[in-house]
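The structure is shown first, and the description follows.

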Amino acid sequence: ISITLLYCFIFIKYLQHDLVLDNNYSYSFFNSDAVFFNNLSESILSGESALSDWILTGAPRIFPSIVSNLLIFNFIQNNFIAHILLLLMQLLIFNILMKYLLNIFTNNSYSLLTILIINIFLVFSFKAEPFSYILLSSHHFDNYINFLTCTIIFFGIKNKYWNNIFIKGFFLFISNFSNPIFFVCFTGPVLIKNLLFQEFNLKNSIIKNSILLLISISGIILSKLLFDHNNCSFCYDNTYQEMNKITFGNVYISLYHIKEFFTSHSSFFQNICFATSFLLPGAYIFKKKINTNKIKFLNDLNIQLFSFLIISIILSLFCFLFIKINPQFRHLYVLYLSFLIVTPIIIFKKINNFITNYYFQISIFTLAFMILLLISKIDMKKKLNFEFYPKDVEFIDKTLKKHNVNHGYVKYQFGNRLIFLSNLSLTMVHFHKTKPLHLWLNKNWIKKKPQFIINLNPVSFGYSDFKTISKGNISIHIIE
């Protein structure tokens, strides 16, 4: 009931245009990153394009992002409502996976109560990165969903039957195929964990790890072959930093950026979440190492999980030494969300008897707390809106419709957002000043001559004959 109330709260706040994750409502949910998969899915479902027409970034994110978008938009015609349903489905999947993962190490009633507490925590944390990304489809949270799925499968299913091995191989393949970041945060750590905890049968461990490694690399290679557009010479004429290009020449600079990420770009709260995720399991392992014999230590599932999470955290940071992109919250979920897994598992045995004896009273209290919390955060005077049509998009629509134009050049922040919110059928190419950003768009749009240019200088593109219509911070140049 409490989790259902949370979903109702999010849905109502969204319809009231009052759910703000970053800066303002519009930027939170309708920036060009956030709505790209919506645009892609709608185009594919309408028959206007095929998946192969679209230029994706270094992480195609086929599963579950594109799959879930196609599913939702196939049944819901209202884009505005479909968008929030998609995000709620993402939150629901996160809750279900956390419940199943905690079930492996605790029990059913305890894990249910833990999920409730986690959701109360999220109510207070949604404005902080990366917790806000749970309600976005654009910030690699699907990769963390795959991480949780594979963690459940690898720690909860034994290799007794071939179909179990097949299930593990399939999810490992599809996860690496969907996002190469997955290799760093899951495949690498699970391979290292296997080698560390199977020293009594090292030969067998090496064989199994080699198979897992081959499956993962096959997924990455196939993804690269399908989505790199190698036959398209103009597709990657851009300034975008790709995560799948490895370099060894900027290690010292990268170390500086990692340090700056924690000291200058992370809040005290965020650093506490990271420190707890890393140090708490480390302290648990250290204590068990002192007090437990070697065989029991190696067979302890808690220690195996915590070791895996620590290795994942280290590799997730370590990889930024060798790629041309600075650390970002969207790539580091395991650093900030692992304490939500580790903490309840560690304290389980200490408080389980208390939870069992007073489960009903605790459930009623947390339910009442959730109800009061949500009521206090909802403005009952605000009406519910089943569409979102901001003033800037309305102005652009009127101008473009008046001049009968539908393709143009725009700054990236306008591109996918305008396609999603506009009442017109528009296509456009994104630019950073005069440099093209050929990503998150249909490659068939790239060579089309622009009929309009928004918030860019037409002269820089060689156009001198144009008409300018401006309002506020919007300048629309109609090419004559």
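A crossing of two helices is called left-handed if the near helix is turned anticlockwise from the far one by less than a right angle, and right-handed if clockwise. In this predicted model, the crossing of α12 and α14 is left-handed. Helix α12 spans residues 268-291 and helix α14 residues 301-318; their axes lie 9 Å apart, at an angle of about 140°. Helix α12 is therefore oblique to α14, since only angles over 145 degrees count as roughly antiparallel.

On the α12 side, the contact includes Phe274, Phe278, Tyr284 and Lys288, among others. Their counterparts in α14 include Asn302, Phe306, Ile310 and Leu317. By class, the residues of this contact comprise 11 nonpolar, 4 polar and 1 charged.

The backbone also deserves attention. Most residues other than glycine have a negative phi, and most peptide bonds are trans. The table lists departures from these two patterns.

| Site | Feature | Value |
|---|---|---|
| Phe63 to Pro64 | cis peptide bond | omega near 5° |
| Glu129 to Pro130 | cis peptide bond | omega near -5° |
| His17 | positive phi | phi near 55° |
| Asn404 | positive phi | phi near 55° |

Pro64 belongs to helix α4, residues 62-75, whereas Pro130 is located in the loop between α6 and α7. His17 is in the loop between α1 and α2, and Asn404 is in the loop between α18 and strand β2. With a relative accessibility of 24%, His17 counts as partly exposed; Asn404, at 69%, counts as exposed.

Terms used
Residues are numbered from 1 along each chain as its sequence is written. This is a predicted model: local features need pLDDT of at least 70, side-chain atom pairs count only at pLDDT 80 or more; totals for chains, interfaces and linings use all residues. Side-chain values use heavy atoms; hydrogens and water are left out. Axes are lines fitted to C-alpha atoms, for helices over the stretch in contact, and angles run from 0 to 180 degrees between N-to-C directions. Helices (H or I, at least four residues) and strands (E, at least two) are DSSP runs, numbered from the N terminus. Angles under 35 degrees count as roughly parallel, over 145 as roughly antiparallel, 65 to 115 as roughly perpendicular and the rest as oblique. Contact means heavy atoms within 4.5 Å. Ala, Val, Leu, Ile, Met, Phe, Trp, Tyr, Cys and Pro count as nonpolar, Asp, Glu, Lys and Arg as charged, and the others, Gly among them, as polar. Buried means under 20% relative accessible area, exposed over 50%, partly exposed in between (1.4 Å probe, protein chains only).
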